[in-house]
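Morning, everyone. I'll take one structure today, and we'll go through it chain by chain. Please have a look at it on the screen.

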Amino acid sequence: MNDMTPSLAAPMLHARGISKFFPGTIALDDVELVLHAGEVHALLGENGAGKSTLIKCLTGAYRRDGGVIILDGAEVAPESTAASQKLGIGTVYQEVNLLPNLTVAENLFLGRQPMRGPFLARRKMNAEARDVLASYGLDIDPAEPLSAYSVAIQQVVAIARAVEMSGKVLILDEPTASLDRDEVALLFGVIRQLTARGLAVVFVTHFLDQVFEISDRATILRNGRIVDSCIIRDVTQRDVVTMMLGRQLESRVERKTVAPAGKALVEFKGLTKRGMIEPFDLTVHEGEVVGLAGLLGSGRSETCNLIFGVVAADEGETHLRGQPVSINRPRDAVAQRFALCPEDRKVDGIVGDLSVRDNIIIALQARQGWMKPIPRAKVQEIAERYVRALDIRLASLDMPIRLLSGGNQQKALLARWLATNPDFLILDEPTRGIDVGAHAEIIALIDQLRADGMALLVASSELEELVAYSTRVIVLRDRKQVGELNGDEITPDNIVRAIADEKEDA
Amino acid sequence: MGPKPSLLKRILPQLIILAAALLLNVIVFPDFFQIDFRNGRLFGNLIDVLNRGAPVALLCIGMTLVIATKGIDLSVGAVMAISGAVAASTVVEGHGWGTALLAALLAGGLCGLWNGFLVAVLRIQPIVATLVLMVAGRGIAQLVTEGKILTFSNEGLIQLGSGTVFGLPTPILIWVVLGALVTFVVRRSALGMLIEAIGINERSSRLAGINSRVLLVCVYLLTGLCAALAGVIVAADIKGADANNAGLWLELDAILAVVIGGNSLLGGRFSIVASLLGALIIQSINSVILLSGMPPEFNLVIKAALILTILVIQSPRMGNLIYLIRATGPQPQPEATRARPKKEATQ
């Protein structure tokens with residue numbers, strides 16, 4: 001925290017009425033961002049809220065469609081990231097975008113190396129690099145390759161480079177995502193030094209604890225609009241979570257009364273993967289939908305992936321109908337009649353150039369083995385059945401699946417797994433990025449599958465949706481299970497409370 | 001809907017290019033299509049094209065599948081040298097031609113397994129992984145032949161390279177049968193689809209439960225076996241194993257055949273038939289150069305020019321250009337018919 005009262009000073013950067021349109025969507029709608037010298041300003045919002053778009057508009061990576069940016073009293077219109085760097089806006093991304101095989105000094109000075117005639121003044125460069133890094137509290141050898149140091153130190157080098165080149169505004173896009181506790185402390189020390197030097201820092205993160213630890217103010221975005229801009233001291237974590245997740249009362253789905261679940265199908269004991277998710281126990285019964293709630297990065301997808309063997313667990317046991325089973329690869333999971341619809345459809349789900357028909361049949365075929373091809377007629381019958389049942393809209397089963405819309409791709413992936421007749425279906429963000437119609441249909445389908453006795457585990461960031469179909473909700477936070485809600489306890493308010501509360505009791 | 005018309009549509013460009021290449025042959029040598037039956041054997045330039053094209057045709061059967069998985073196998077030429085050397089040394093030691101063939105296939109299979117192990121298990125990039133054997137393979141072949149050209153006179157083995165079956169040269173029979181067999185197995189089983197899936201998106205494929213590791217090893221194994229057969233044919237043809245020159249640069253011809261066959265080096269959808277046509281196109285071009293009576297020092301340059309022409313015609317840019325010229329042409333009617341598939345695609 002600093003002693004300045006930021007509201008009195010003229011802002012370092014004032015972006016007003018920023019708008020950005022993409023075909024079919026409004027990514028940013030009349031957004032305002034005020035940054036003062038010497039403050040850490042958190043930019044918060046769930047995925048798709050518009051944080052990245054706003055940053056890209058500020059740094060010139062995107063051309064904005066409306067609005068004014070005033071930097072240090074003068075209006076600017078950066079056309080490229082290089083131009084905005086020159087103006088004084090530096091950015092550091094989550095994946096350090098430096099060159100790991102060059103030395104620290106080279107990374108720091110790339111593009112503006114000290115020269116002696118036509119040659120690189122290497123000794124001078126290393127000496128200057130050492131001075132710069134020392135001012136960040138780093139005593140490292142600048143002649144070593146960057147890759148010799150930890151991600152945190154690389155991150156600081158990236159920050160140093162950005163600050164040396166720009167020096168007015170520093171945007172940190174999820175800088176702490178892959179850092180451990182001590183490294184975060186190191187980074188925060190650097191950030192505090194920089195604000196003391198009068199820089200304005202924008203801090204984008206999903207970790208609320210860190211927001212409350214380092215930030216002075218926060219701007220919260222949702223669906224491309226500003227929800228609020230507040231002073232962190234005056235709000236609680238719960239307020240912030242509520243603002244981020246929002247509440248769309250008008251689209252509220254009625255919660256159905258649900259028959260009691262059947263007997264336990266799968267049981268996970270102490271399953272864990274270091275750096276991904278803390279050990280957890282979880283039991284899923286037949287005829288039950290277990291919802292996984294939590295902010296981004298809280299471990300929802302990690303839980304799904306660990307259960308399905310996408311990453312092998314360090315420790316822990318999996319029991320299926322009371323018998324221990326070992327699942328180290330997705331193939332093992334498929335053999336046990338598990339199914340996983342992944343979060344990232346394009347990267348982990350569809351096989352883009354293959355036909356919709358092949359995409360639907362592929363998991364069943366893979367389980368049967370290549371030597372037992374499913375007869376053409378049978379393939380056609382299965383594909384047609386699911387296209388009809390799930391109302392997949394397509395011109396022909398022969399068309400490559402990548403040409404389908406997001407919602408139809410998702411339904412085709414559901415069809416792929418339903419065709420394998422799974423006992424345990426894991427859905428990771430089943431409704432992300434799909435249109436309203438398909439959204440309602442998928443929710444109805446989840447309900448139907450539960451009623452038919454399937455065991456389901458559904459991770460979702462949409463609270464209303466979780467409330468609509470879950471028989472139980474597990475709440476995750478900082479890669480740990482922190483709560484469980486049952487029956488009538490399952491309301492959006494209670495989920496928000498469970499996501500945010502822990503800190504306030506402490 | 002059925003597979004027949006779609007196959008024809010798929011290989012139509014290759015058929016047209018092959019026809020053009022054959023036409024060039026007829027222009028430089030009017031009797032090109034003449035086929036005689038003498039001494040119980042078919043003779044003719046067309047038969048020569050099919051016969052001389054056998055090594056590349058065999059190589060490109062396996063290469064097509066490897067490339068479909070987003071891989072590549074640079075070692076096939078060297079594997080040809082190894083298996084040729086193994087076959088030759090086996091008959092020289094007094095074993096029969098059957099044993100020699102089996103030994104050569106075993107050597108090729110081992111080479112394929114080695115490549116598959118590097119690519120699928122150690123996850124080394126295919127181009128680097130197979131480069132190892134490309135370089136080491138000729139050395140291994142020289143060790144087998146003890147540094148000399150190993151000649152032999154085993155009739156059975158020689159028959160594989162220069163004999164005939166029902167008047168047809170044996171090499172033709174071998175590549176046609178193997179090509180048909182692999183195409184049949186790959187398309188009738190689910191293998192083809194699973195291989196394509198791995199090539200297009202290995203992550204998704206793995207998540208869908210496909211055993212990509214075993215499939216990759218199998219594909220490299222098959223390529224090794226194909227190379228072994230090609231190596232035996234080449235050795236049998238010259239009645240000797242030449243560790244330095246057998247199959248030299250043929251890996252590049254095989255890759256080229258696959259590319260001319262319209263298969264993307266980025267993996268995914270593949271057609272073995274189209275690759276085989278690609279191999280025939282390359283051999284037809286070789287034939288044009290030979291028959292034209294040009295001095296041999298022009299051969300490689302002319303071949304490169306012809307192949308460049310084919311690749312330019314097949315390039316996406318050129319495809320767009322042809323499409324544009326046709327779309328902006330004087331007749332307005334075809335526009336409506338051509339607009340339809342585009343609309344379908346966006347729905």
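UniProt, in an unreviewed entry, lists the feature "transmembrane region" for chain B at residues 12–29, 49–67, 98–120, 127–145, 165–186, 214–236, 248–266 and 273–292. Keep in mind that what you see is a predicted model.

Let's check two of those stretches. What is the chain doing over residues 98–120 of chain B? There the chain is 100% helix and 0% strand. The end C-alpha atoms of that stretch are 32 Å apart. Now residues 273–292 of chain B: 95% helix, 0% strand. Here the end C-alpha atoms sit 28 Å apart.

Next, one helix in detail. Helix α11 of chain B covers residues 212–238, which makes 27 residues. At 1.5 Å a residue, α11(B) should span 39 Å. Its end C-alpha atoms are 39 Å apart, so the two values agree. Is α11(B) mostly buried or exposed? Of its 27 residues, 22 are buried, so the rest of the structure largely encloses the helix. Just after α11(B) comes K239(B), with a positive phi of about 55°.

On to chain A. Chain A has 17 helices and 22 strands. Along its principal axes, the C-alpha trace of chain A spans about 75 × 50 × 45 Å. Buried residues make up 47% of the 506 in chain A.

One last number, on contacts. Take contacts in chain A between residues at least 6 apart in sequence: 70% of them join residues at least 24 apart.

Key
Residues numbered from 1 in each chain as written. Chains lettered and ligands numbered in written order. Predicted model: local features only at pLDDT ≥ 70, side-chain atom pairs only at ≥ 80, totals over all residues. Helix = DSSP H or I, 4+ residues; strand = E, 2+ residues; numbered from the N terminus. Expected span 1.5 Å × (residues − 1). Buried ≥ 20, exposed ≤ 12 C-beta atoms within 10 Å, placed from the backbone. Contact = placed C-beta atoms within 7 Å. UniProt positions renumbered as here; feature names shortened; annotations may be inferred.
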